[in-house]
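User: I'd like to go through this model with you and hold each label up against its definition. Please bring it up and start wherever you like.

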Amino acid sequence: MHILFAGGGTAGHINPALAIAGYIREKHPDAHISYIGTADKLESKLVPDAGYNFRTISVAGFQRKLTLENIGKNISAVGKALTSSITARKILKEIDPDIVIGTGGYVSGPVLREAAKLGIKTAIHEQNAYPGVTTKMLAPNVDAVLLAMPEAEKYLKLKKKPFVTGNPVRKELLRIDRDTARAKLGLDSDKPMILSFGGSLGAAQVNKSVRGLIEWHNDSDKFYHIHATGKFGYNDFVEYFKDKNITLSKNIDVREYINDMDVCMAAADLVICRAGAITLSELLACGKPSILIPSPYVAENHQFHNAMTLKRIGASEIIEEKDLNADSLITMVSNLIENKPQLEKMSKAAVDGAIKDANERIYEIIMQLYTNA
């Protein structure tokens, strides 16, 4: 069995592919797994590091805002669209996969399009509530459309019913409970804990608002709080408190990055974060109430659509970035963090909305395609 994945650009497209590939490898140690991505994006590091055969094509997305610079980029993108299809077809003929699975990003487009033309079985997995351009383009012509969130269906033109599979969730997040996590962190079990983060690179407005939140509760000794600033926010965050001669409480842990997210997530009573698709699937799987701050800087404003899926089921509250400041965040946190019945209600809603067997669901569909290949 030879499975080819195509997807990239961001971790949100790459990690689901790697999770699915890893599950297939567990079930079929002799399976041959390949991956097509771009040479200058994150997949060029993550995929070889995971031990999979990695091939590249050159492809770029089109810029929607028409400026002189973007017109030039779009002309270049047209050229790459032609050459990427030729290169993709050549690679497909060379490696001859049984199934091609796209997980999003511009690189999925030419690979799945050419695979379908060659009669190879194809599937596309969409992680977000609002589908990306590539998914919209490919959905009518692939053999199986896999959706993480059922809301995505209404935005797609489909010839057959899609499969709702959820997003693959890291196994370690499901293996630790709150009490065990608290013990690992050296925290008692009674005091509420807030976990906040804005992404690996950091989010300036999130950091600024969380900074105000920490300043508000620093002397209260009522909460634990772990905050990850991201790569570009740590120094400014720490210097702010130094400049104001504020010593942070021993209950507050400010980090650049969270390397033990499974432990921190399990220990938390309330999570403040962006609304990336994989993060939200993890929140649901862990049953965590959350305050979501959708990034306004992503395509199609898809994080807002993602966040709304959790708000609608009662698992989350939302603060849009245009409304985000220290005061708005403090108000929402103070209304939730000591309201145990409300947190329990939100936690139950998250658990009820979770899909914890995404890998199994996706694997079964892949095996159906393989059987019929």
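Analyst: Let's begin with the second largest pocket, which has a volume of about 480 Å³, the space filled by probe spheres set on grid points joined across faces, edges and corners. The model is predicted, so local features need pLDDT of at least 70 and side-chain atom pairs 80 or more, while totals for chains, interfaces and linings use all residues. Residues are numbered from 1 along each chain as its sequence is written, and side-chain values use heavy atoms, without hydrogens or water.

User: What makes a residue part of the lining of the second largest pocket, and which ones lie nearest its centre?

Analyst: A lining residue has an atom within 4 Å of a point; on a 1 Å grid over the protein atoms alone, a pocket is an open set with protein on both sides within 12 Å along at least five of seven lines, and a cavity is a set where a 1.4 Å probe fits but cannot get out. By that rule 23 residues line the second largest pocket, with R178, A268, D269, K288 and S347 nearest its centre. Helix α13 gives the most, four residues; α10 and α13 each supply at least two.

User: How do the residues of that lining divide by type?

Analyst: Eleven are nonpolar, three polar and nine charged. Here Ala, Val, Leu, Ile, Met, Phe, Trp, Tyr, Cys and Pro count as nonpolar, Asp, Glu, Lys and Arg as charged, and the others, Gly among them, as polar.

User: And which residues line the largest cavity?

Analyst: They are A139, P140, V142, V145, L158, K159 and K160, that is, five nonpolar, no polar and two charged. The largest cavity holds about 30 Å³ of space, and a search of the whole structure finds one cavity of 30 Å³ or more.

User: How do you know that the reach of α13 is close to the expected one?

Analyst: Helices (H or I, at least four residues) and strands (E, at least two) are DSSP runs numbered from the N terminus. The expected span is 1.5 Å times one less than the number of residues. With 14 residues, 340–353, α13 reaches 20 Å from its first C-alpha to its last, against 20 Å expected.

User: Which residues of α13 are buried, and what puts them on the same side?

Analyst: L343, M346, A349 and A350 are buried (under 20% relative accessible area; exposed is over 50%, partly exposed in between, with a 1.4 Å probe and protein chains only). They cover an arc of only 120 degrees around the axis, so they share one side of α13; the arc is that of the directions from the helix axis to the C-beta atoms. K340, P341, K345, K348 and D352 are exposed on the other side. The buried residues pack against β11, α10, β12, β13 and α12, where contact means heavy atoms within 4.5 Å.

User: What makes the phi of D96 and of N245 stand out?

Analyst: Most residues other than glycine have a negative phi. D96 has a positive phi near 50 degrees, and N245 one near 55 degrees. D96 lies in the loop between α3 and β4, N245 in the loop between α8 and β10. D96, at 55% relative accessible area, is exposed, and N245, at 71%, is exposed as well.
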